[in-house]
Each structure stands twice: as C-alpha cells, then as structure tokens.
Amino acid sequence: MSMRELVVLGTASQAPTRRRNHNGYVLRWDDEVILFDPGEGSQRQLLHTTVTATDLTRICVTHFHGDHCLGLPGTIQRLSLDRVAHPVAVHFPAGGAEYFARLRHATSFYETAELRVEPIEADGQRITLRCGTLEARRLQHPIETYGYRLIEPDGCRMLPEKLAAYDITGPAVGELIRVGHLDLDGRRVTRDEVSVPRPGQRFAFVMDTGLCDGVYALAEHADLLVIESTFLESEAALAAEVGHLTAGQAARVATESGVRRLVLTHFSQRYGDPRRFHDEARAHFDGDLIIAEDLTTVQLPPRRVASAG
C-alpha cells in the first residue's frame, strides 16, 4: 500500500532552540522519499524517525541560507557511507550552484553514491516523476529561492456495481482503464460510464518568502501545504522587510487557495509559545491546522472522492 506522509525533522528558523532543530522535512509519496531543506542536525534527526538516508530518492533545497542547507554535507556523505544503490536527484536554485558545490565537498570523503544534480533554472520548471510532476516556483526572498509542489495527475475510480452490471472483470478492467472503452456484444462501454473522477492529490512546500504570485501558485488546491510562518502579526513590518510571512498571512493564503490541511513551521526563536501561532492562524483558516513540532508525522488528508452521481 502506498504511503503519503510528511515527517518533520526540524521547525526552527535561523537558529535552533532547545526544543526546535533547524529545518528539515521528509515527504513520503509512494516510491518517492524527498528530503526538503536539510538544516544543521537533519542527519541526526533522521535517527529518531523511521526514515533512513538509504530511503531518500530526492533532495530539494529552496535556497542557500544556512538553516535550509547546512545539513547537506552530512546527508550527502551519509549516502556514500551507507552505499545507497539507487541514484538520488538533488534540486536547488541554479544561481546557488557554487554554494552547493562547496557543501557537497565540504570535507574529504569517498563519494560512492550517485547524485544526479538537477538545478532549478527557471520559474515554473517541472520534473517528471513516476508519481506525478514536481514543479518549482520562484519566491520572494533576498536571495534566489524556489518553493516546490508535487502534483498527481487526475484519474478515475472504477465503480464495482457498474462494472458488474456489464460483467466486466479481471484483465478487462485494466484494458478499459488503459484504452478508455470496451466493445461488448456490439455495444461500446466507455470508462466514464463505469467510473467517477478521482482528483489527483497535491502537496506544496513554501519556505522563506514574502507574499507573491509564487506562493499562491504553489498553494492552489493543495491537500497538504507546508508553509513558513516565521513571525506573528505584531512583527508584520519586520516580516515584510526580511522576506518572510506571518502566521496570519500564511493562513489567509491557505483559505484563499482552497488548502485542505495546513502545516505552519519555521518559527522565529523569539517566540516560546506555539499556541500563539495557532490562535493567529485560526482567525483566518477554518480547515485542518497543524503547528509543526519536531519529529512528528503528518498524514496527507484522505483523497477527495467524487460522488457516483
């Protein structure tokens, strides 16, 4: 059975605290295991989860500020130490290629793992995966920054009672799905007659940014949105100055974009009580709301299912 969940490694911005590690997030999505923004300490945080470096298939870096990438050297070296047999793709802003090269070879080690270095070179760049499409969108921050979203293509859900009515069973079901129709006793049965639409799921990852078109493009109809909320509204002016969001802004984005489950993270060390983020966001968003904590797991919400009509 496929697994789709977010594993939170760290939730601090800029500096870790006693309770919060630097950033780090792992998305399990079928056969993809994607590590987003490995901050300092991410390798150790993995040891407290059921994810291992060997599981990773892809690494996505939004930008090259330290709290989002200082875990890269240890993670990359661990791939070679564990002799990971499969290639691991790495995506990051192309303008930061020199930073990536430095981090990749920060110390001496034997690189045996196969890294496929695939920089993001343009807003809207898409990477085709077996499970869907990974898309990068430009964000608004003092340095080149991209957010990511994973989009599963729409499909259909076959209706057993309607298949039974036409006596369609076994391999014929697969042919109907693949071809779109079957010819039975002189009558053509189409896929639409025995199924209902099944919207594809969407995951979005939005880190350091001010409000911009890219934020909304990433968040649009996301089943699960992971988004920074570095500040509270009392520091809105500072947030705008340094290219960050408040909890209230993130929540309004979620509401306006039709997000189903909202995960707030990347909290400034100036705040000790996470309930303040919850209370501020709840005033603007009435869906599923999660204030991220280190080493927690968040499931994607159940798939939207269209009615049979």
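Modeller: Let's start with a term: a residue counts as buried when its relative accessible area is under 20%. Keep in mind that we are reading a predicted model.

Biologist: Thanks! Is T75 buried or exposed, then?

Modeller: T75 has a relative accessible area of 2%, so it is buried. You will find T75 in helix α2, which covers residues 72-81.

Biologist: Which residues does T75 touch, leaving aside those up to four places away in sequence?

Modeller: Contact here means heavy atoms within 4.5 Å. With those sequence neighbours set aside, T75 touches L35, P38, Q43, L56 and I59.

Biologist: What does the side chain of D223 reach?

Modeller: It reaches the backbone nitrogen of R202, at 2.7 Å. R202 is also among the residues that D223 touches beyond four places in sequence, together with G200, Q201, R260, R261, P301 and R304.

Biologist: And how do I read the largest pocket?

Modeller: Begin with its volume, about 240 Å³. Then look at the lining: of its 15 residues, Q14, T230, F231, V242 and H244 are the closest to the centre.

Biologist: How many residues of that lining are nonpolar, polar and charged?

Modeller: The lining has 3 nonpolar, 9 polar and 3 charged residues.

Conventions:
Residues numbered from 1 in each chain as written. Predicted model: local features only at pLDDT ≥ 70, side-chain atom pairs only at ≥ 80, totals over all residues. Heavy atoms only, no water. Polar contact = N/O pair within 3.5 Å; in protein donor to acceptor, adjacent residues only side chain to side chain. Helix = DSSP H or I, 4+ residues; strand = E, 2+ residues; numbered from the N terminus. Buried < 20%, exposed > 50% of the residue type's maximum accessible area, 1.4 Å probe, protein only. 1 Å grid on protein atoms, 1.4 Å probe; cavity = no way out; pocket = protein on both sides within 12 Å on 5 of 7 lines; lining within 4 Å. Points joined across faces, edges and corners; volume = space filled by probe spheres on them. Nonpolar A, V, L, I, M, F, W, Y, C, P; charged D, E, K, R; others polar.
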